[in-house]
Amino acid sequence: MKEIFAAAGAPRGNPAAAPPAPAALAAKVRTLAPSMTRSMQRVAEAVAADPAGCAALTVTGLAELTGTSEATVVRTARLLGYPGYRDLRLALAGLAAHQQSGRSPAVTADIAVDDPIADVVAKLAYDEQQTLADTAAGLDMAQLSAAVGALAAARRIDIYGVGASGLVAQDLAQKLLRIGLVAHAHSDPHLAVTNAVQLRAKDVAVAITHSGSTGDVIEPLRVAFEGGATTVAITGRPDGPVTQYADHILTTSTARESELRPAAMSSRTSQLLVVDCLFIGVAQRTYETAAPALSASYEALAHRHTPRGGGTTSRR
């Protein structure tokens, strides 16, 4: 049985991840801020709001600016993925240079009840783009590559998700099935655990949970983990309970929630991006078998699609 690490969010058997690139810093702040203490949030919000100004400050200066302590500043830097404050300052300087390169950041606001539909479309489009950009910037490529390798070599793949995450789980399962892999999505918690009991070393279990604390998803992943299967967590909370049982952790963006735009909307967008990255990666690695399987699935469904230029039925 695998050893269960006590440190949540630490990928098992993998070396420490490299500090995030400057362009990924803002995304990292948005992802981790909800799980920080209030004092650490003040530090994170300050560096995200004014990277150039904060890059010019010493650790003491930033602590004074945010009304915190030097220890809090250092802890925040480490939580964001940097060995120390000096590394965070270098990233802030790089982020400031990137922002001053000529691209003006777009500004968005919460959707109001009386917003014209054109404004709703514009705001949603911006938020979706930001969510995708943040997720792409925050993805650990080593973790993604390892997860792709495990899926490509898997005897069987179980995917767990409930609610909006359950729809994403079904999407991943259908994609993998079409390239010839044995994959099943489970949204029923009892059925998920019943199937997880059967998983062994050559199998893979994938848990999809934005909060990282959904019990109906964590339980089957734990069972699969203890049974020896390779486990993957797709979550917006890299420090959430689900990561205790994950060999590979893929972090999605945590977008700001509003009254008319619940978290389920932004989480689904970021989860679907990760799912597509996994699918394309697996298809690349298994191309010799994936391509014929995909062609066969297209041919099997061809008769269900209306041929171009004909076959339409006029309304009566």
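A residue is called partly exposed when its relative accessible area lies between the buried class, under 20%, and the exposed class, over 50%. Keep in mind throughout that this is a predicted model, in which the count of salt bridges comes to 7.

Select Glu45 and Arg38 to begin, whose side chains meet in a salt bridge at 3.8 Å, N to O. Glu45 has a relative accessible area of 40% and is therefore partly exposed, and Arg38, with a relative accessible area of 47%, is partly exposed as well.

Next, select Asp276 and Lys175, where the side chains form a salt bridge with an N to O distance of 3.4 Å. This pair links distant parts of the chain, with Asp276 in helix α12 (residues 263-285) and Lys175 in helix α9 (residues 164-178), 101 residues apart. Asp276 is partly exposed, its relative accessible area being 33%.

Finally, move to helix α11 (residues 215-226) and select Glu226 and Arg222, whose side chains meet in a salt bridge at 2.8 Å, N to O. How far apart are Glu226 and Arg222 in helix α11? Because they are 4 residues apart in that helix, about one helical turn separates Glu226 from Arg222. If you colour the pair by accessibility, Glu226 counts as partly exposed at 26% relative accessibility, and Arg222 is also partly exposed, with a relative accessible area of 23%.

Notes
Residues are numbered from 1 along each chain as its sequence is written. This is a predicted model: local features need pLDDT of at least 70, side-chain atom pairs count only at pLDDT 80 or more; totals for chains, interfaces and linings use all residues. Side-chain values use heavy atoms; hydrogens and water are left out. A salt bridge is a side-chain nitrogen of Lys or Arg within 4 Å of a carboxyl oxygen of Asp or Glu. Buried means under 20% relative accessible area, exposed over 50%, partly exposed in between (1.4 Å probe, protein chains only). Helices (H or I, at least four residues) and strands (E, at least two) are DSSP runs, numbered from the N terminus.
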